[in-house]
Amino acid sequence: LANTIDLRESDAQTSSIKISEWSERTAKLLGLSIEDQNLVRWAAMLHNIGKVEVPEEVLQKPGPLSAEERKLIEHYPVKSEKLLSPLSRFREVGKVLRYINERFDGKGYPDKKKGEDIPLPARILAVADTYGSMIENRPYRQAYSHESALREITKNKGTQFDPAVVDAFMQAISGQETVYNN
């Protein structure tokens, strides 16, 4: 299922499986329970499931999004939660996915949650998914290098991202630049 969802992204070389590995390592470094590490893994695997309801021409658009298109993108985390909520096994995963685009400073979406009000698994996934998105080509921009992506994440520590999660993520992927760099 994760691989099928990944195919909708441009030339998604950074698979949901890879994002789940980074997320799970980060969760472990942060001392999350085995149960929460598993929650993080499943959330990472399914993190783009809500995008199945976003038209492909919006996902693949090479230029800026219109206000209507932006609204579709900003609503996909809510769709992720709705798609998974009927499945008792994945209900908690859906709750995590709702918050992966929230920002530590409260300027994210869909609910403008801030800081510790954002579930920790969602804060972990936000960093891993952002890194994964940055190191691959998109229709609207070239891929960042491993080093540039890490600099950008570090620059947004405390605003977009939880500082403790960024630190753990950096440790989780340290020495991996030859494996993950495009």
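1. A cavity here is a set of grid points where a 1.4 Å probe fits but cannot get out. With that in hand, and bearing in mind that this is a predicted model, two cavities of 30 Å³ or more turn up. The second largest cavity has a volume of about 50 Å³.

2. Sorted by class, the lining holds seven nonpolar residues, three charged and one polar.

3. Now to the rings. The whole structure contains four aromatic pairs. One of them joins Trp-22 and Phe-169, with 6.4 Å from centre to centre and 90° between the planes, an edge-to-face arrangement. This pair bridges distant parts of the chain, since Trp-22 belongs to helix α2 (residues 16–29) and Phe-169 to helix α9 (residues 163–173), 147 residues apart. Both Trp-22 and Phe-169 are buried.

4. Another pair worth a look is Trp-42 with Phe-90: the ring centres are 5.3 Å apart and the planes stand at 70°, so this pair is edge-to-face. Trp-42 sits in helix α3 (residues 34–45) and Phe-90 in the loop between α5 (67–84) and α6 (91–98), so the contact ties together parts 48 residues apart in sequence. Trp-42 is partly exposed, at 29% relative accessibility, whereas Phe-90 is buried, at 18%.

5. Tyr-131 deserves a mention too: ring pairs link Tyr-131, Trp-22 and Phe-169 into a cluster.

6. Finally, charges over rings. The charged end of Arg-89 lies over the ring of Phe-90, 5.3 Å from the ring centre. Likewise, Lys-51 places its charged end over the ring of Tyr-76, 5.0 Å from the centre.

Conventions
Residues are numbered from 1 along each chain as its sequence is written. This is a predicted model: local features need pLDDT of at least 70, side-chain atom pairs count only at pLDDT 80 or more; totals for chains, interfaces and linings use all residues. Side-chain values use heavy atoms; hydrogens and water are left out. On a 1 Å grid over the protein atoms alone, a cavity is a set of points where a 1.4 Å probe fits but cannot get out, and a pocket is an open set with protein on both sides within 12 Å along at least five of seven lines; lining residues have an atom within 4 Å of a point. Grid points are joined across faces, edges and corners, and a volume is the space filled by probe spheres set on the points. Ala, Val, Leu, Ile, Met, Phe, Trp, Tyr, Cys and Pro count as nonpolar, Asp, Glu, Lys and Arg as charged, and the others, Gly among them, as polar. Rings of Phe, Tyr and Trp (its six-membered ring) pair if their centres lie within 6.5 Å; planes under 30 degrees apart count as stacked, over 60 as edge-to-face and the rest as tilted. Helices (H or I, at least four residues) and strands (E, at least two) are DSSP runs, numbered from the N terminus. Buried means under 20% relative accessible area, exposed over 50%, partly exposed in between (1.4 Å probe, protein chains only). A charge sits over a ring if NZ of Lys or CZ of Arg is within 6 Å of the ring centre and within 35 degrees of the ring normal.
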